[in-house]
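Student: Please take a close look at one part of this chain and tell me what surrounds it. After that, go on to whatever else can be described.

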Amino acid sequence: MERRQNHHQQPQNLRRNPSSSSSSSSSHSSNHRPRYRPPNRAGGDARPHSREDPYLDSGDAAAGGRPRSLARPMRAHASEAAAGSSIGVRERQEQHRRDQDREDDRDCRELASVVGTCPHMCPVGEMAQRERLRDLAVFERLHGNPAKTSPELAVKKFCRTISTRDVQLLDIRPFSVLGSTLDYLMSLMNSTPEPFETVHDFIFDRTRSIRQDLSMQNIVDKRVIHMYEKMVNFHVTSHHKLRLRSSGPDSFNISSLHHLNMEQLAKVLTSLYNLYDLNRDHSSTHKNEPEYRSLYVLLCLNSESLPEGERLSLWFRRVPTPVIKSKEMSFARRILRYFRTGNYSRFFSTIAAEASYLQYCALEPYIDKVRALAVLCINNGGYKLHPYPIAHLSNLLMMEESEVESFCNACGLETSLDEQGNKVLPTKQPAFEHPKAGYGKYGFSGLENICRGREAEENV
């Protein structure tokens with residue numbers, strides 16, 4: 001007890017006797033010396049200005065952009081001296097950030113009036129450099145030569161680390177060139193013998209470069225809307241085609257491409273919706289706005305939002321009333337309701353009767369999931385003495401009879417023949433399970449009508 005009391009009384013004695021305080025502090029510092037921590041040799045110099053700014057978001061720090069949040073809590077420090085030095089570092093970082101923001105604002109004002117002068121799909125300097133480095137895609141090679149290209153083949157690559165201060169007008173393509181470049185890229189979708197993943201990888205990168213040039217010139221008028229709609233078409237169609245190639249030896253690479261495609265689709269859709277709002281006249285809607293707005297809903301059936309996108313419940317509040325009342329958005333909202341309530345019959349019949357081709361491509365990954373739900377309900381709710389005819393199941397699931405049998409087997413269910421020789425699905429089977437390797441490539445019997453409707457729209 002005496003030892004504990006002395007321990008508690010020691011700070012009072014230290015405050016009363018300055019000399020004792022100094023002596024005790026010196027003895028304490030001599031007994032507890034701070035450990036020497038060598039700099040991180042693998043990471044280079046450990047000076048403060050070479051570290052990543054702790055107040056910047058990781059994405060902004062990499063891109064050199066503005067901080068997303070300045071309200072991040074600081075770590076507790078062991079002493080007042082350490083806290084003081086940390087505050088000094090923080091003040092210097094904030095001052096540097098303010099200076100950087102002023103420079104960025106000045107650059108944006110200067111670029112707002114910039115009009116590119118590059119007359120080709122790819123700047124001449126970049127073409128020469130990529131020829132020298134043999135950095136030419138298969139579509140850019142003149143007569144198959146990996147070290148030779150031409151202005152009619154080469155397309156400017158996307159550059160992640162581009163600096164707005166070092167941009168030359170000859171490196172920026174004007175709007176007219178960007179429009180013709182996008183038309184050329186879209187023409188490659190169905191006119192080349194190369195595998196689709198190769199085509200997708202090329203168009204994926206070059207369309208990002210087009211968006212970069214549009215952003216650098218601050219082109220946000222109505223002319224750009226049609227270009228962004230074309231880029232959405234590319235990503236939504238790729239969403240469908242990459243899924244068809246998701247099985248096989250290259251399934252991992254295809255899955256990675258599919259993930260990256262979804263990320264860029266979310267970004268392009270967000271930019272397109274912003275362009276709709278910026279160019280809106282009072283309460284009017286743009287020609288294709290209802291269909292492209294509906295894609296966001298259809299892509300979010302199984303979740304609340306797309307990658308980096310807004311939650312669906314909040315997103316609906318920002319949609320103009322005329323778009324909400326349109327037939328395209330009405331279709332999307334009914335599909336959302338049928339999917340989340342498990343109404344598989346209405347789900348399939350509504351898609352077959354009303355979906356556009358883009359809407360079908362957005363919905364396709366969910367179709368087999370709803371089919372599995374339908375088979376599960378029929379198996380569990382059916383009468384054991386009355387097997388379910390495969391022909392009826394084929395009409396319900398919008399599949400061919402042979403595919404229905406294969407689909408049931410993939411779900412762990414067996415089919416058989418009745419007394420008349422018709423294929424049936426015996427119910428109350430306990431072995432139902434969702435395929436671990438995913439569903440196969442099953443068709444949709446209403447797709448032909450959807451494609452004919454798309455062709456009719458293109459011919460108008």
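**A residue and its surroundings**

Tutor: Apart from residues within four places in sequence, Leu275 is in contact with Val220, Val224, Ile225 and Tyr228 (contact means heavy atoms within 4.5 Å). The model is predicted, so local features need pLDDT of at least 70 and side-chain atom pairs count only at pLDDT 80 or more, while totals for chains, interfaces and linings use all residues. Residues are numbered from 1 along each chain as its sequence is written, and side-chain values use heavy atoms, with hydrogens and water left out.

Leu275 lies in helix α9, residues 251-278 (helices are DSSP runs of H or I, at least four residues, and strands are runs of E, at least two, numbered from the N terminus). With a relative accessible area of 6%, Leu275 is buried (buried is under 20%, exposed over 50%, partly exposed in between, for a 1.4 Å probe and protein chains only). Lys222 is 53 residues from Leu275 in sequence, but their C-alpha atoms are 7.6 Å apart in space.

Helix α8, residues 222-244, holds His240. His240 is buried too, at 9% relative accessible area. Leaving out residues up to four places away in sequence, His240 touches Tyr357, Tyr360, Cys361 and Glu364.

There is also an open sheet of three strands, ordered β1-β3-β2 with antiparallel pairing (strands pair if DSSP finds at least two bridges between them). β1 (388-389) and β2 (416-417) are at the edges with a single partner strand each, so one side of each has no neighbour in the sheet. Two bridges join β1 to the antiparallel strand β3, residues 423-425. Pro389 has Val424 in β3 as its bridge partner.
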